[in-house]
Structure formats: C-alpha cells, structure tokens
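Morning, everyone. Please look at the screen while I walk you through this one.

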Amino acid sequence: MSIFSKKPNKPTRQEIMSSHLLDVRNNTELSNSLTALQNEITVSFDMKVIAITSINRNKLSAGFAKGLADTFALNGSNALIIDANLYDPRLAMLLNAEVDENSSLKKLDEGVDVVYLTKETYPPQVFKGGTIQKIIKDNFDKYEHIIIIVPSITEHKEIVLLSKVIDSVILLAQRNVTKRVDLYEAISYCYDNKLPLAKTVVVK
C-alpha cells in the first residue's frame, strides 16, 4: 500500500510515533530520504502537487523543498517551487535572491523554477483569494511536480484552504526542538482535515 493514501484511516498514537516518521540524522540519510520520496511520488502519478510545512516555526521547509526539487531534476523531472510561506519566507534568503513586486516565475537551476510570494508582494489573503490556485492552474501542464512551501501547520492553518489542489503533504519536524505532543497534534490535524499526509520527516 502506498504511503500516499488519499483517504487514510487515522492511525493510533502509537502507530504515528513508531512507524509514520522518517528520522533523518545526517546529510547522507537526508539524500537517501529525498530519493526515496522522489521515487514514491514518481510512481504515484496523481501525486503532482506537494505541500511542505513545518511543525512549529523553523527554517527547514525552504531547504527541504529545494532539495526535493533538485532530486526530481536530477532524475529527469522538472519542478516548480512556490514559496507561499508568507509569515516567514526563507527561500529567497537561502538562495540570496531578490524578490520583485510582480513575483514572476524565475529559473533557479536546470529543471527547477520558483515563484516567490511574500506579504510585500501579495496580501495575506493569498490562500483564500485563489492566487496560489491560479499559479497551479497556469503551470499545471508545464511541470511534472509543483512544490508549495506553506506556513507552519501548528501556527497557521492556511494549508487547509489548499486541500482541494494538493495531492500530498510533507511535515517537517526538528529533532530536540519539536515536542512530541506538537508532532502528534500536527499529524492528527492532517488526518482530521483529510489532508493527504505523505510523511513526517524529523531532521536536525
């Protein structure tokens, strides 16, 4: 059974804590995990639009999204990253890129493009107003994968507004920082709101 189950049964607390997590302890394990996720997504043809969010605010989402997009590109697929973390955008900072007022599509690397959305370029109603949905629609046939970086799931709930357009969700937790109760509540929130949870990745 694929980990990308559209309507999964909610696991017990023990199942969540024992088998749902992908624990990454070093860069080699991170690289292997990205490859494993890429392989699973590739064979699941309906898993095109991927939302990446964090449990509590942390700096992980931007780097993980870029790493996953690069992994797709290395394996012959093209990917579009939409940085929609309006409250704490970090992708532009990570890449030392300038964000213009139009937030037009920009080329990052071979096979990887990006659209930056920030409070300065779009109002916070971007999730409700259909801005992200329009970007997805306009680019759906141009890219094999669309990766959306969304605000922290435990601090903001905008990801629910994208439930009809996303195919899978990846939660990121930070070792020795994320509390187990927050971890469980974030995963449970996905199940309760029928968000197609793929994996919860615990990284340094």
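Let me start with a question: in which helix do K134 and D138 both lie, and how many residues apart are they? The helix is α5, residues 131-139. K134 counts as exposed, at 52% relative accessibility. D138 is partly exposed, at 39%.

Keep in mind that this is a predicted model.

Now the overview. The protein has 204 residues, and buried residues make up 51% of them. There are 6 helices and 8 strands. Going from the N terminus, the order is α-β-α-β-α-β-α-β-β-α-β-β-α-β. Take the contacts with a separation of 6 or more: residues 24 or more positions apart account for 78% of them.

Next, strand β7. It covers residues 168-174. Of its 7 residues, 6 are buried, so β7 is largely enclosed by the rest of the structure. What does β7 pair with? One partner is strand β2, residues 49-54. The two run parallel, and 5 bridges join them. I50 has S168 as its bridge partner in β7. The other strand to look at is β8, residues 197-203. It also runs parallel to β7, with 6 bridges between the two. Here V169 is bridged to L197 in β8.

Stay with S168 for a moment. Is S168 buried or exposed? It is buried, with a relative accessible area of 0%. Under 20% is what counts as buried. Now find K199. S168 and K199 are 31 residues apart along the chain. Their C-alpha atoms are separated by 8.9 Å.

Strand β4, residues 106-109, and strand β5, residues 112-116, form it, with 2 residues between them. The strands run antiparallel, joined by 3 bridges. In the turn, G111 has a positive phi of about 90°. D109 pairs across to V112 in β5.

How many salt bridges does the structure hold? The count is 4. One of them links D109 to K66, with the closest N and O atoms 2.7 Å apart. This pair connects distant parts of the chain. D109 is in β4, while K66 is in helix α3, residues 60-74. They are 43 residues apart. K66 counts as buried, at 12% relative accessibility. D109 is partly exposed, at 35%.

Another salt bridge joins R90 and D88, at 3.0 Å from N to O. D88 is buried, with a relative accessible area of 13%. R90 is partly exposed, at 24%.

And the rings? The structure holds 0 aromatic pairs. Two lysines do sit over rings, though. K48 lies over the face of F140, at 4.0 Å from the ring centre. The charged end of K157 sits over the ring of Y189, 4.3 Å from its centre.

Y189 takes us to helix α6, where it is one of the buried residues. Others in that buried set include D182, L183, Y184 and A186. I187, S188, C190 and Y191 are buried there too. Just after α6 comes K194, with a positive phi of about 55°.

Let me recap. β7 is joined to β2 by 5 bridges and to β8 by 6. β4 and β5 make the hairpin. D109 and K66 tie β4 to α3. K157 over Y189 is one of the charge-over-ring cases.

That's the tour. Thank you.

Note on methods:
Residues numbered from 1 in each chain as written. Predicted model: local features only at pLDDT ≥ 70, side-chain atom pairs only at ≥ 80, totals over all residues. Heavy atoms only, no water. Phe/Tyr/Trp six-rings, centres within 6.5 Å; stacked < 30°, edge-to-face > 60°. Lys NZ or Arg CZ within 6 Å of the ring centre and 35° of its normal. Salt bridge = Lys/Arg side-chain N within 4 Å of Asp/Glu carboxyl O. Helix = DSSP H or I, 4+ residues; strand = E, 2+ residues; numbered from the N terminus. Buried < 20%, exposed > 50% of the residue type's maximum accessible area, 1.4 Å probe, protein only. Pairing = 2+ DSSP bridges. Contact = heavy atoms within 4.5 Å.
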